[in-house]
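Let's take a look at the aromatic rings in this one.

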Amino acid sequence: DGGTSWATEVSATLPTSDTLTWFDFTAATVWTPSKLSDANFLTKASYQYSAPQSTVYLDRIPVRVMYTNTKSPGSTPSGTWTDPTYAYSSNNQYANSSTDNAVQQYGTYGLSVPNGAAIVKVEVGYEAYTDGDEKINITCSWDNGNSWATEYAGTLSSLETLTWVDFTEATTWTASKLSDANFRTRVKCVIVDSASLVHLDWIPVKVTFMNTNSPGSTSAVLA
């Protein structure tokens, strides 16, 4: 809030060599984009010494913020499920299949990563249930369907639930790999005994990324 309120100060003992240390202020407030704006967000460094007094050297005081972006699909590049577009949103309308190994692809998630941001986690969700004891396999591609991550074998029940699958380690993720030109998800119906329907309500994607920025202005406060 422009310096009106401050989080509780964190004290640290300094080493004798240049070291980067991070402090977590996530719980200091309910963070919003407005609170992180240039008009409101400030950092402050203070120096307390024990005799004899010596010089403190501050090389850099960066800030890093982690963001999570959840997106829904907007296209069905290929597949054989019934009513596949019903899985575009969580609306209790369902794409479905009762055919063993039937697959359905989803794309056009509209994912975007700010320049310079580090991609921390990539997850694919599935909100689904089954009429019997069928299963569902989930995977994703980062090169327009040429390569796919190892399929995750998901269990289903008669109760619709949203489950997230972590594909962070599937590849070295980049903004290009998450672009609409390259990124896809794929769902597979797996029949266990007698065929019954697998119902897919929603197949979202959640990307977590971290942005690190350095300050661009200073003000001195003498106490």
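## Rings and their partners

F209 is tucked away: its relative accessible area is 6%, so it counts as buried. Keep in mind that this is a predicted model. Searching the whole structure turns up eight aromatic pairs, and two of them are set out here.

| Pair | Arrangement | Centre to centre | Angle between planes |
|---|---|---|---|
| W31 and F41 | tilted | 5.9 Å | 55° |
| Y67 and F209 | stacked | 5.4 Å | 20° |

What does the pair of Y67 and F209 tie together? Y67 belongs to strand β1 and F209 to strand β10 (residues 205-213), so their contact joins parts that are 142 residues apart in sequence. Y67 is partly exposed, with 36% relative accessibility, whereas F209 is buried.

Is W31 buried or partly exposed? W31 is partly exposed, at 34% relative accessible area. F41 is partly exposed too, with a value of 26%.

Elsewhere, ring pairs join Y109, W142, W173 and F183 into a cluster.

The charged end of R64 sits over the ring of W22, at 4.0 Å from the ring centre. K206 does likewise with W164: its charged end sits over that ring, 4.2 Å from the centre.

Conventions. Residues are numbered from 1 along each chain as its sequence is written. This is a predicted model: local features need pLDDT of at least 70, side-chain atom pairs count only at pLDDT 80 or more; totals for chains, interfaces and linings use all residues. Side-chain values use heavy atoms; hydrogens and water are left out. Rings of Phe, Tyr and Trp (its six-membered ring) pair if their centres lie within 6.5 Å; planes under 30 degrees apart count as stacked, over 60 as edge-to-face and the rest as tilted. Buried means under 20% relative accessible area, exposed over 50%, partly exposed in between (1.4 Å probe, protein chains only). Helices (H or I, at least four residues) and strands (E, at least two) are DSSP runs, numbered from the N terminus. A charge sits over a ring if NZ of Lys or CZ of Arg is within 6 Å of the ring centre and within 35 degrees of the ring normal.
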